[in-house]
Amino acid sequence: MTDIKSMTMEELTHTLREMGQPAFRGGQVFTWLHRGVTSFEEMSDLPRALREQLAQTFHITAPTVARKQESRLDGTVKYLWELADGNCIETVLMQYHHGNTVCISSQVGCRMGCAFCASTIAGKVRDLTPSEMLDQVLFTQLDSGREISNIVLMGIGEPLDNMDTVLRFLTLVNHPKGLNIGMRHISLSTCGVIPGIRRLAELQLQLTLSVSLHAPDSETRSRIMPVNRAYDVEELFAACHDYFQKTGRRISFEYAMIDGVNDRPEDAKELLRRLKGLPAHFNLIPLNHVEESPLKPSTRAAVAAFQKTLEDGGVTATVRRTLGGDIDASCGQLRRKEMEERKKGAAES
Ligand code: SAH
């Protein structure tokens, strides 16, 4: 059975025309799918015979809520979705003054191996499909009743390690007959997969590129981010400069502040040297403690001093406000919990 929600508007129109349907059918079906219907039966303005015919060839994906945590502090909601094959992924809904933002996953697990990240501990299980990425937006919106205006690809997985899917997802979510979320309302975060950054630059999409930098030099970065051994800091900055040249879009850098690892004043100065000529914004994130890791967050004083050095050097830097402090809101933690409990459950039965 074909996953119909992963099909673009053009593919749907073409397929339906081949089935002898009028040209407008593609748009009709596309709109129903992007409203989150879970069966062809619900597509009430389609001829009954067509609904039955579609149900024989296509299936409509729909995740179920495996767990849901709601912060009482700030309205953040974290979903653990169970997919058709039993795998679980996380989506976080956050309320900001500029609207509701959803943080979505791009893979089940991750193979990038960053030392501080919970999502990568058990490696990558598989890539998500375009429909599974879209479903996170659709079903979060439906379940919460809150309209989503912004998307960040910052959940579990490395988007540029599943790039064809991500590009297709962007086409889907951007479509006027679907959710119609503009590229300028979408951010994509990468640990630094350079061929992907270069491909994005060629496409000149208007999305915001976010680079998880976390260290100013290759020695430190390779220690905490294995991806740096393949694509090092020098090449990464070169790719960022080219990206800005091609797109004119300012790059966002994520910088998790780790006590005694990357938070010295010299580190901030080194960053300033490398950023020369590159308009950038820094998000300083005090490291979220992950049980399985010995790394600790920087002190508040170290974060403040780091921020000041960057700002004095002309680089804007904000300290990321922690949302969902009372729930397991950071990347990969809820899924790990569920996996541990399933393992325990299986061992006991
Ligand atoms: N793979 C992509 C997107 C997913 S991670 C990437 O690496 O950018 C989203 C962000 O959370 C990344 O910047 C990641 O480095 C960061 N992150 C992961 N674990 C963290 C932790 N324990 N504390 C703070 N930030 C963390």
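Two strands are taken to pair if DSSP finds at least two bridges between them, and strands (E, at least two residues) and helices (H or I, at least four) are DSSP runs numbered from the N terminus. The structure is a predicted model, in which local features need pLDDT of at least 70 and side-chain atom pairs count only at pLDDT 80 or more, while totals for chains, interfaces and linings use all residues. Residues are numbered from 1 along each chain as its sequence is written, and side-chain values use heavy atoms, with hydrogens and water left out.

Strand S4 (residues 77–82) and strand S5 (residues 88–96) run antiparallel and are joined by 6 bridges. Leu 80 stands opposite Glu 90 in S5. Both strands belong to an open sheet of 10 strands with mixed pairing, in the order S3-S4-S5-S6-S9-S10-S11-S12-S13-S14. Its edges are formed by strand S3 (64–70) and strand S14 (316–319), each of which pairs on one side only. On average, neighbouring strands of this sheet are turned by 20 degrees against each other, direction ignored.

Helix H9 lies across strand S11 (208–212) and strand S12 (251–257), running at about 150 degrees to S12; axes are lines fitted to C-alpha atoms, for helices over the stretch in contact, and angles run from 0 to 180 degrees between N-to-C directions. Helix H6 (residues 194–203) packs with helix H9 (residues 233–247) at an angle of about 10 degrees, the axes being 9 Å apart. H6 is therefore roughly parallel to H9, a term applied to angles under 35 degrees. In this contact (heavy atoms within 4.5 Å), the H6 residues include Ile 194, Ile 197 and Leu 200, and those of H9 include Leu 236, Ala 239 and Tyr 243. The contact residues of H6 and H9 comprise 8 nonpolar, 1 polar and 5 charged; Ala, Val, Leu, Ile, Met, Phe, Trp, Tyr, Cys and Pro count as nonpolar, Asp, Glu, Lys and Arg as charged, and the others as polar.

Across the whole structure, 5 aromatic pairs were found, with ring centres within 6.5 Å as the criterion. Phe 253 and Phe 282 are stacked (planes under 30 degrees apart), at 5.2 Å centre to centre and 20 degrees between the planes. Phe 253 lies in strand S12 and Phe 282 in strand S13 (residues 280–286), so this pair ties together parts 29 residues apart in sequence. Both Phe 253 and Phe 282 are buried, that is, under 20% relative accessible area. Phe 237, Phe 253, Tyr 255, Phe 282 and Phe 306 form one aromatic cluster.

Note on methods:
Parallel < 35°, antiparallel > 145°, perpendicular 65-115°, else oblique. Phe/Tyr/Trp six-rings, centres within 6.5 Å; stacked < 30°, edge-to-face > 60°. Buried < 20%, exposed > 50% of the residue type's maximum accessible area, 1.4 Å probe, protein only.
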